[in-house]
Amino acid sequence: MLQQHSFRILGVGAACIDLLVPVEEQFLAHVPGEKGGSQAIEFEKLNHIIALSGSSPQIATGGSCANTIKGLANLGERCGFLSHMGSDSLGEHFSHQIKKLGIVGLFSTSSLPTARVLCLITPDGQRTMRFFAGSSEEMSDRYIHPDYFKGVRHVHLEAYFLRNGPLLQRIMELAKKAGATISLDVSSFEIIRQYHQTLHALLSTYVDVVFANENEVKELTGLSAFEGCGKLQEICPIAVVLMGERGCLVGHQGRIVHSPAFPAKVIDSTGAGDLFASGFLYGYIREYPLEACARLGNRLGSAIVEVKGADLPEGKWQELRALIAYEAPVNNDR
């Protein structure tokens, strides 16, 4: 039980280690599932794909929600991260990296290995993810305590936890009871296909901000990005649709705004949506106009695609913090 804490943003997600491997387009023929998605595979199959690549993966602290929380911490926000991990070397690495950023780690441990995500990066910069859920499969509401949400202003979540039964709804209930707003990254089109009805119910009942890319919006609504954004903002108060180099759409109260992307040389799209969410939420909790929130999201999203992995060097963060402070809206009214 947590008696007292100092964070105002809480992320609840899988503690994952990203294994980054550059591959040629034709290599994806050896990989089950569709390009660009995120699909669960067995531990042995994951290791087999790595062996076939002939490369030693670059190891990075990952996980969709964790990446967003790390981005917010790098922008100076007081953050906590709640997760379940293996009592192994990768779990220790994850915990160390999180705490290095000043994030309060609320970690329980499992006998299963720490979750890992194989990110196959093709020359077009797109990542195809195959993951071994490991310890994240054991995450349940038994590890969630109402004290974690006391004084928290905002809770960020990933839809991957729909695989964990009633866990996601329980977290949302506790967040709302504590008076926090909620954002949800819908995670992948595979998740939407499997939990379509449940996801719609959660979006309409608990979620304040939903993040989705074009493929995910198509899966959710059957519509194009613009029309799908309009449909989503009828279900959830703020709908954000990410469109890569074409920027994003933000739907709210019957209005849809387009925010263009910043120019970027794409090396790896890993973490692009996660860091976009960091920038958007940084503005959202400050009650910036939604156009300014979208601009912040695009700025961080364009920065992360120019590096390999989902971590920016400190020098780039210093530059971004200075830009964000300079561009901060004078009038914060929405």
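**The core and a central strand**

Guide: Of the 59 residues in the largest nonpolar core, Leu-120, Phe-211, Val-240 and Phe-280 touch the most other members. Such a core is a set of buried Ala, Val, Leu, Ile, Met, Phe, Trp, Tyr and Cys residues joined through side-chain atoms within 4.5 Å, where buried means under 20% relative accessible area, exposed over 50% and partly exposed in between (1.4 Å probe, protein chains only). This is a predicted model, in which local features need pLDDT of at least 70 and side-chain atom pairs count only at pLDDT 80 or more, whereas totals for chains, interfaces and linings use all residues. Residues are numbered from 1 along each chain as its sequence is written, and side-chain values use heavy atoms, with hydrogens and water left out.

Visitor: Which residues is Val-240 in contact with, leaving aside its neighbours within four places in sequence?

Guide: With contact taken as heavy atoms within 4.5 Å, Val-240 meets Val-209, Val-210, Phe-211, Ala-212, Leu-249, Val-250, Phe-276 and Phe-280. A second, separate core of 58 residues includes Tyr-148, Phe-149, Leu-157 and Cys-229.

Visitor: Which way do the side chains of strand E12 point?

Guide: In a regular strand the side chains alternate between the two faces of the sheet. Here Ile-238, Val-240 and Leu-242 point one way from E12, while Ala-239 and Val-241 point the other way, and all are buried. Because five of the five residues of E12 (residues 238–242) are buried, the strand is largely enclosed by the rest of the structure. Helices (H or I, at least four residues) and strands (E, at least two) are DSSP runs, numbered from the N terminus.

Visitor: How is E12 joined to E11 and E13?

Guide: Two strands pair if DSSP finds at least two bridges between them. Five bridges join E12 to strand E11 (residues 209–213), and these two run parallel, with Ala-212 opposite Val-241. Five bridges also join E12 to strand E13 (residues 248–252), but this pair runs antiparallel, with Leu-242 opposite Cys-248.

**Backbone exceptions**

Visitor: Where does Gln-253 lie, and what is its phi?

Guide: Most residues other than glycine have a negative phi, and most peptide bonds are trans. Gln-253, although not a glycine, has a positive phi of about 55 degrees; this residue lies in the loop between E13 and strand E14 (255–259) and is exposed, with a relative accessible area of 70%. Glu-287 likewise has a positive phi, of about 60 degrees, and is partly exposed at 44% relative accessibility.
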